[in-house]
Amino acid sequence: MKHLPIYANMKLADAIHLNYLLLPIIGRFGIELGFGNKTIKEICDEKEINLSFFLEIVNSYHNKDYFASEELQNYSLTLVVRYLISTHHYYIDVKIPELEEILNHFLENSSNENKSNNTLITNFFEEYKNELINHLKQEERTLFPYTFELEEANNTKIVSPALINKINNTLVEKEHSDHHDLEEKLFDLKNLIIKFLPPVKRKDILEKLLIELFRLEEDLEDHSRIEEQVLVPKIIQLEKIIIAQSV
Amino acid sequence: MYKKSHKIELTLAIEHYLLRSGIQFIIKQLGLDVNYHHISNTEDIKKGIESDFMILHHKIIPKPKALNLKKLQEFYRGKVLLIGNETMHAELFDNVIYPSDKELDIIQKIEHFFSELKIKEPEENNEAISTREIEILKHVALGYSNKEIADKLFISINTVITHRKNLTEKLGIKTISGLTVYALMNNLIDANDVKP
């Protein structure tokens with residue numbers, strides 16, 4: 001195996017010290033803190049996690065250029081989609097409530113003169129949040145099941161006319177533009193706070209909010225990268241195979 | 001802001017690998033963002049014409065050197081830094097590195113060579129928003145389409161689009177709802193007037 005910055009025999013604790021942003025990632029794999037001196041390999045064996053897949057994910061998160069290797073594309077779609085779904089849960093169940101709590105706290109501690117501006121920011125976040133959740137739910141309702149259907153059809157060689165119909169509907173093209181819109185909105189939210197929000201009473205809360213928004217942005221970028229550079233190419237590849245076989 | 005800073009297009013006319021790597025190392029240390037074009041003989045020099053800067057090793061110039069250097073100056077419009085020696089016709093160039101130059105001289109000469117470019121950038125930063133742009137911003141924030149804005153203000157759609165592009169660049173805000181929040185924060189519009 002080629003040399004990775006984060007490798008199988010490394011202690012997981014060392015990997016976290018190397019890049020603490022990996023914390024939510026290991027959580028998504030069901031790994032809890034308190035793992036002592038165990039190596040990544042030991043923990044993956046224990047938790048029945050696919051070791052190579054785990055290494056690909058943490059390394060791609062750790063180093064943004066990592067995907068060039070295209071190794072992730074060798075994993076089954078089920079594995080990739082399952083990871084993506086657990087990431088969705090993290091956004092919806094952990095990250096968004098956390099941000100909402102900070103925002104509520106922020107709003108409660110606004111002075112009267114700041115109240116209206118701070119409400120504008122909170123409403124803008126609400127709007128962003130709803131779009132994000134819609135996008136995630138949409139993927140879970142359409143794109144992910146579609147992926148399983150394709151894989152199933154490819155394995156069983158049974159292709160229904162309904163599936164052919166779906167293939168012709170080019171579901172995947174929407175992915176990229178949706179991600180782009182969401183990224184723009186999050187970027188605007190950050191910029192409105194950084195550049196234009198007049199000074200507030202509790203800058204500590206505002207700083208915390210901004211830092212969490214930056215983290216969310218980074219996490220979402222990584223998530224989009226997996227969807228656009230691993231999932232979508234794989235779907236397109238399967239679509240081609242299935243169409244070729246059904247003619 | 002989003003806008004990527006302008007990359008320096010640099011032709012390196014140096015054959016010796018060690019010298020070439022050394023120059024690249026110093027440029028990296030100076031934190032300059034450079035796109036390299038490597039050429040290794042005079043025939044290729046003409047290909048480097050598109051670049052803004054050239055670092056030229058005298059070894060690469062065929063004899064008679066004085067004549068060929070003059071020729072080079074005629075067709076190359078960018079700035080040239082010559083790595084030469086004292087006996088050469090170095091007076092032809094403003095920027096020359098000599099074999100006797102010490103570490104600090106060399107670094108300063110390279111830094112000076114690129115210095116014009118460094119000063120240029122902040123000057124471009126004219127980010128104040130014009131009255132016309134504020135007018136456009138108000139309408140965008142209220143939810144009017146480009147066509148509606150063009151009709152209301154008696155200008156072409158293209159003009160509206162240009163103003164919007166400039167606004168986005170100046171403010172760093174791209175979405176309509178982001179612009180609306182900005183307009184509300186700055187009391188440019190009334191919340192009750194925003195189209196649902």
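Start with chain A and its contacts, where two residues are in contact if their C-beta atoms, placed from the backbone, lie within 7 Å. Among contacts in chain A between residues at least 6 apart in sequence, those joining residues at least 24 apart make up 80%. This is a predicted model, in which local features need pLDDT of at least 70, side-chain atom pairs count only at pLDDT 80 or more, and totals for chains, interfaces and linings use all residues. Residues are numbered from 1 along each chain as its sequence is written, while chains are lettered from A and ligands numbered from 1 in the order in which they are written.

**Chain A overall.** Helices (H or I, at least four residues) and strands (E, at least two) are DSSP runs, numbered from the N terminus. Of the 247 residues in chain A, 22% are buried. A residue is buried if 20 or more other C-beta atoms lie within 10 Å of its own, exposed if 12 or fewer, and partly exposed in between, with C-beta atoms placed from the backbone.

**A loop residue.** Select A:Asn63, in the loop between helix H4 (51-62) and helix H5 (77-108) of chain A. A:Asn63 counts as partly exposed because it has 14 C-beta neighbours inside 10 Å.

**A helix pair in chain A.** Next, select helix H6 (residues 112-156) and helix H9 (residues 203-246) of chain A, which pack at an angle of about 40° with their axes 10 Å apart. Axes are lines fitted to C-alpha atoms, for helices over the stretch in contact, and angles run from 0 to 180 degrees between N-to-C directions. H6(A) is therefore oblique to H9(A); angles under 35 degrees count as roughly parallel, over 145 as roughly antiparallel, 65 to 115 as roughly perpendicular and the rest as oblique. Show side chains at the contact: A:Leu150 and A:Ala153 are among the H6(A) residues there, and A:Ile235 and A:Leu238 are among those from H9(A). By class, the residues of this contact are seven nonpolar, two polar and two charged. Ala, Val, Leu, Ile, Met, Phe, Trp, Tyr, Cys and Pro count as nonpolar, Asp, Glu, Lys and Arg as charged, and the others, Gly among them, as polar.

**Across to chain B.** Now display both chains: eleven residues of chain A are in contact with ten residues of chain B. The chain B side of that contact has five nonpolar, four polar and one charged residues. Chain B has nine helices and five strands, and 23% of its 196 residues are buried.

**The strands.** Select strand S3 (residues 53-57) of chain B, where four of the five residues are buried. Strand S1 (residues 8-13) of chain B runs parallel to S3(B), joined by four bridges; two strands pair if DSSP finds at least two bridges between them. B:Ala13 stands opposite B:Leu56 in S3(B). Strand S4 (residues 79-83) of chain B also pairs with S3(B) in the parallel sense, over five bridges. There, B:Phe53 has B:Lys79 in S4(B) as its bridge partner.

**Last stop.** Select helix H6 (residues 131-141) and helix H8 (residues 157-171) of chain B, which pack at about 95° with axes 10 Å apart. H6(B) and H8(B) are therefore roughly perpendicular to each other. The contact includes B:Ile136 and B:Leu137 from H6(B), and B:Val160 and B:Leu167 from H8(B). Its residues divide into five nonpolar, two polar and three charged.
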